[in-house]
Every structure is written in structure tokens, then in C-alpha cells.
Amino acid sequence: LKKVATILHEHHGDDIPSTVVDLVALPGIGPKMAHLCMLIAWDEVTGIGVDTHLHRISNRLKWVPKPTKTPEDTRKALEEWLPREHWRTINLDVVGFGQTRCLPVGPLCDGCLINATCPKFGVGK
């Protein structure tokens, strides 16, 4: 944190960078956090912030054309087909669902609103 604070002070006028390129150049900041920072701090949609929940659910629901191994691969696959107007909210829309219902182990499929159409890819039968 001290290193990041020093970089922000010396190179960014005590503010956070206003580009994804500059954000990911900071220690500990990856694409997910960079895209979320751009959205929250600068109100600019530059990409989808894909965390472990959005990554898992995108694969489980087959929102990606083939299974992806990393959140970054999932981000790229989602951005290929998901209309840009949904990029702003997709992370927030899906994370809570992944934390409370579509769990990594033992998802709560009974009573889920999409149970009838869910492909349940990767869910043990």
C-alpha cells in the first residue's frame, strides 16, 4: 500500500489514474480492479470487472462459447457478445447470486428462478 501511495503521489497528483493501462501498472491492480475503478471512480465503462463469481457462473450458464480458465479469459469472451449497455451492471448483478445461491459447491438449484433452463455445466448430478 505504501508503494502504491508513493506512486500515486509522485506520478498521479495524489489521485488514482484515469486509464486502465495506468491502473494495471500499479502493484496489485489487475484488469478486474482496473475496470471496476474506471466505472466507480471515473464513471467510465472500459470493460467488465470479472471476479471469481462472475467467472464461475459465466461458465456454468455457458455464457462463454467454450469453458474459460481465468477471469480475464471470461472477461474477453463476455465482451465479445454481451451488449455494452450491460457491462456496467453485470458484475453487481451476478456476484450476489454467486455468493448466495449459485455456490461453487452445492449450488441451491431448487427454487432458483433459472433452474428449468440452467445448463448446470460443472454441477455434480
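Modeller: Helices here are DSSP runs (H or I, at least four residues; strands are E, at least two), numbered from the N terminus. A word on the source: this is a predicted model, where local features need pLDDT of at least 70 and side-chain atom pairs count only at pLDDT 80 or more, while totals for chains, interfaces and linings use all residues. Residues are numbered from 1 along each chain as its sequence is written, and side-chain values use heavy atoms, with hydrogens and water left out.

Colleague: Why is arginine 75 called buried?

Modeller: Buried means under 20% relative accessible area, exposed means over 50%, and partly exposed is in between (1.4 Å probe, protein chains only). Arginine 75 has 12%, so it counts as buried. Glutamate 72 comes out at 24%, so that one is partly exposed.

Colleague: What makes arginine 75 and glutamate 72 a salt bridge?

Modeller: The term asks for a side-chain nitrogen of Lys or Arg within 4 Å of a carboxyl oxygen of Asp or Glu. Here the N to O distance is 2.5 Å, so the pair qualifies. The two residues sit 3 places apart in helix α5 (residues 71-81), which means about one helical turn separates them.

Colleague: Which other residue forms a salt bridge with arginine 75?

Modeller: Glutamate 79 does, with the closest N and O atoms 2.8 Å apart. Glutamate 79 and arginine 75 both lie in α5, 4 residues apart, about one turn of the helix. Shared partners join Glu72, Arg75 and Glu79 into one network.

Colleague: How many salt bridges are there in the whole structure?

Modeller: The search finds 3. One of them pairs arginine 88 with aspartate 43, at 2.8 Å from N to O. That pair links distant parts of the chain: arginine 88 is in helix α6 (residues 87-100), aspartate 43 is in the loop between α3 (31-42) and α4 (52-60), and they are 45 residues apart.

Colleague: What makes a group of residues a nonpolar core?

Modeller: It's a set of buried Ala, Val, Leu, Ile, Met, Phe, Trp, Tyr and Cys residues joined through side-chain atoms within 4.5 Å. The largest one has 14 residues, and Ile48, Leu54 and Ile90 have the most contacts inside it. Both α4 and α6 supply at least two residues each, and the largest share, 3 residues, comes from α6. A second, separate core of 6 residues includes Val4, Leu23, Leu26 and Met38.

Colleague: What does leucine 54 touch?

Modeller: Contact means heavy atoms within 4.5 Å. Not counting residues up to four places away in sequence, leucine 54 touches Ile48, Gly49, Trp63, Thr74, Leu78, Ile90, Asn91 and Val94.

Colleague: And why is valine 123 called buried?

Modeller: Its relative accessibility is 15%, under the cut-off, so valine 123 counts as buried. Valine 123 is found in the segment after α6. Leaving aside neighbours within four places in sequence, valine 123 is in contact with Arg60 and Pro107. From arginine 75, valine 123 is 48 residues away in sequence and 22 Å away in space, C-alpha to C-alpha.
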